Amino acid sequence: MDAREMVRLAPRLYFLRFPLGHAYLWVDDDGLTLIDCGVAGSGARIAAGIRSLGRDPADVRQLVLTHFHHDHVGAANEVAAWGDVVICAHRDDAAVIRGRVAGAPPVLLDWERPIFEQANAGGIVQAAPVRVDRDLDDGDTLEFGGGAQAVAAAGHTPGSVAIHLPEDGVLFTGDTVARLPDGQVILGVFNVDRDAAIMSLRRLAALDPDLACFGHGEPVTSGAGSALRDAARRPHRPAGAQHWTSPVVHHAT
């Protein structure tokens, strides 16, 4: 990965910028944690980024999947092959990730339909089945970042989960929240339950993070809580939505 694709956000946090479905790398002395892993085939780029830090892909100790969509779990089997990697996901999405049941489709608003159709013009992509070693529940602690916490954020999918690092003021939102190229932070699109997603957005905003990392769009690196609260006050159709392009909003199930 080059400097445009791997950006240091904090002393231990790196942003892996992909065209579709970003990933994040947290670096502890005793191991690495990935938050999401992009579409299938992304493993080689993630591994290259890890090596650029002087670490080895085998140092990845856990992979946390924020939800079951292919642009977040697609490379999970590639990452799992690097070594002793614990794969974590919320229990309400785990069966989908394991390939045991089909994922719930989004309930589209009228203005989302043409965007969804554009994004999935080539057909909806299903992720290959992936093992899940640990089913997460709300409030569970993960062993990285001084005690990261799982925050249930149902709505985008039934088992969407955010990860909060309270000591560092960092929040990984998955696709419950997104950010447009103009910098506007918004409620994520293509939700299975929009009312639940709005409630989850409000819950995440109340955590008042300083740095927020999204599955789609650039992170907010300071004052993120204010940006999330602004988004929670206007969870309607964002201005300029009709001009979005598929890399911004693509979210196939």
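Arg233 is out in the open at 61% relative accessible area, and its salt-bridge partner is Asp230, with the closest N and O atoms 2.2 Å apart. Asp230 is partly exposed at 32%. Keep in mind that this is a predicted model.

- Asp230 and Arg233 sit 3 residues apart in helix α7, so about one helical turn separates them.
- Glu5 and Arg45 meet through their side chains at 2.3 Å, N to O. Glu5 belongs to the segment before β1 and Arg45 to helix α1 (residues 43-52), so this pair ties together parts 40 residues apart in sequence.
- Arg45 is partly exposed, at 30% relative accessible area.
- Glu218 and Arg17 pair up at 2.7 Å, N to O. That link spans 201 residues, from the loop between β14 and α7 to the loop between β2 and β3.
- Glu218 is partly exposed at 35%, and Arg17 is partly exposed at 26%.
- Arg91, Arg98, Asp135 and Asp137 are tied into a network of salt bridges.

- β4 (residues 31-35) and β5 (residues 60-65) run parallel, joined by 4 bridges, and Ile35 stands opposite Val64 in β5.

**A buried histidine**
- His67 lies in the loop between β5 and α2 and is buried, at 1% relative accessibility.
- Its side chain makes a polar contact of 3.3 Å with that of His69.

Note on methods. Residues numbered from 1 in each chain as written. Predicted model: local features only at pLDDT ≥ 70, side-chain atom pairs only at ≥ 80, totals over all residues. Heavy atoms only, no water. Pairing = 2+ DSSP bridges. Helix = DSSP H or I, 4+ residues; strand = E, 2+ residues; numbered from the N terminus. Buried < 20%, exposed > 50% of the residue type's maximum accessible area, 1.4 Å probe, protein only. Polar contact = N/O pair within 3.5 Å; in protein donor to acceptor, adjacent residues only side chain to side chain. Salt bridge = Lys/Arg side-chain N within 4 Å of Asp/Glu carboxyl O.
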